[in-house]
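Take a walk through this protein with the model open beside you. We will go from its pocket to its salt bridges and then to its sheet.

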Amino acid sequence: MAARGALIVLEGVDRAGKTTQSRRLVSALCSAGHRAELLRFPERSTEIGKLLGSYLEKKKEVEDHSVHLLFSANRWEHVPLMKEKLQQGITLVVDRYAFSGVAFTSAKENFSLDWCKQPDVGLPKPDLVVFLHLHLAEAAARGEFGHERYENRPFQERALQRFQQLMGDPSLNWQMVDASRSIEDVHKEICKLSEETIRATAQTPLGTLWQ
Ligand SMILES: Nc1ncnc2c1ncn2[C@@H]1O[C@H](COP(=O)(O)OP(=O)(O)OP(=O)(O)O)[C@@H](O)[C@H]1O
Ligand SMILES: [Mg+2]
């Protein structure tokens, strides 16, 4: 079996450094001789993604259940491409994945964690989920919230509680990383975890999420 790439996901509260770190990770992996590419969710370039973009920018209202399914659909529409790349030996670094989707919808009233997980059951299972841990007060010190939907403190607090529930799942390789340190220190730790994961998973089949 040819070595497959690893599926590496970065999660964390707003402004924890997911985008900064996922970009740096891809470039470090490529410099180290790996094939690696960056993905992000929501991926706003598709038809579904454009709708999600206007929803997040508050230009459009979408019913809560319906929009949850659309966020999931936006991941599913990328699955064939993701599988193809992983099979070709390309490591994928993903800036937010199903965990953000579940944490955010289940932070709304009257949504159970279980209901929120169902649409993403069966997605490619990450080989590593890095959770960038940062206290909300420290995140706040990195600048004002933007004006997009969900960018407010009470909502972020509820989402963080949901992330903590998701991290209790031992079937996933969650790694908590202290995101309060310098960009460089955080980067080094994520690189080490990623290199280990790439080595450990190269000859293993890709799993399915929450199954
Ligand atoms: N370790 C760090 N120390 C200090 N500032 C940081 C650190 N990491 C990122 N930042 C800064 O914090 C801000 C948010 O970073 P970034 O956009 O990477 O976070 P994010 O988790 O992707 O946020 P969002 O959830 O809003 O997409 C940026 O201004 C970035 O330069
Ligand atoms: Mg980001």
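Start with the largest pocket, which has a volume of about 630 Å³. A cavity, by contrast, is a set of points where the 1.4 Å probe fits but cannot get out. Lining residues have an atom within 4 Å of a point. Grid points are joined across faces, edges and corners, and the volume is the space filled by probe spheres set on the points.

The largest pocket is lined by 29 residues, and the closest to its centre are Phe-41, Pro-42, Arg-44, Leu-56 and Arg-96. Before going on, two notes on the model. It is predicted, so local features need pLDDT of at least 70 and side-chain atom pairs count only at pLDDT 80 or more, while totals for chains, interfaces and linings use all residues. Residues are numbered from 1 along each chain as its sequence is written, chains are lettered from A and ligands numbered from 1 in the order in which they are written, and side-chain values use heavy atoms, with hydrogens and water left out.

Which elements build the lining of the largest pocket? Helix H1 (18–31), strand S2 (36–40), helix H3 (64–76) and helix H5 (98–106) each give at least two residues. Helices (H or I, at least four residues) and strands (E, at least two) are DSSP runs, numbered from the N terminus. By type, the lining holds 9 nonpolar, 7 polar and 13 charged residues. Nonpolar covers Ala, Val, Leu, Ile, Met, Phe, Trp, Tyr, Cys and Pro; charged covers Asp, Glu, Lys and Arg; the others, Gly among them, are polar.

Now turn to charges. Side chains of opposite charge can pair when their charged atoms come close. The whole structure contains 15 salt bridges. Each is a side-chain nitrogen of Lys or Arg within 4 Å of a carboxyl oxygen of Asp or Glu.

Find Arg-96 again, one of the residues closest to the pocket centre. Arg-96 is bridged to Asp-14, with 2.8 Å between the closest N and O atoms. Why does this pair tie together separate parts of the chain? Arg-96 sits in the loop between strand S3 (91–95) and H5, and Asp-14 in the loop between strand S1 (7–12) and H1, so parts 82 residues apart in sequence are tied together. Arg-96 has 16% relative accessibility, so it counts as buried. Asp-14 is buried too, at 9%. Buried means under 20% relative accessible area, exposed over 50%, and partly exposed in between (1.4 Å probe, protein chains only).

A second salt bridge joins Glu-37 and Lys-85, at 2.8 Å from N to O. Glu-37 belongs to strand S2 and Lys-85 to helix H4 (residues 79–87), 48 residues apart. Glu-37 is partly exposed, at 29%.

Glu-57 is in the loop between helix H2 (47–56) and H3, and Arg-44 is in the loop between S2 and H2, so the pair ties together parts 13 residues apart in sequence. Shared partners join Arg-44, Glu-57, Lys-59 and Glu-148 into one network of salt bridges.

Last, look at the sheet. In what order do its strands lie? The 5 strands form an open, parallel sheet in the order S2-S3-S1-S4-S5. S2 and strand S5 (174–178) are the edge strands, each pairing on one side only. From one strand to the next, the twist averages 25 degrees. These angles run from 0 to 180 degrees between N-to-C directions, with axes as lines fitted to C-alpha atoms, for helices over the stretch in contact.

Two strands pair if DSSP finds at least two bridges between them. S2 and S3 pair over 5 bridges, and Glu-37 stands opposite Leu-92 there. S1 and S3 pair over 4 bridges, with Leu-10 opposite Asp-95. S1 also pairs with strand S4 (residues 128–133) over 5 bridges; Leu-10 has Val-130 as its partner in S4. Another 5 bridges join S4 to S5.

S1 is largely enclosed by the rest of the structure, because 6 of its 6 residues are buried. Leu-7, Val-9 and Glu-11 lie on one side, and Ile-8, Leu-10 and Gly-12 on the other. S4 is mostly covered, with 5 of its 6 residues buried.

Methods:
1 Å grid on protein atoms, 1.4 Å probe; cavity = no way out; pocket = protein on both sides within 12 Å on 5 of 7 lines; lining within 4 Å.
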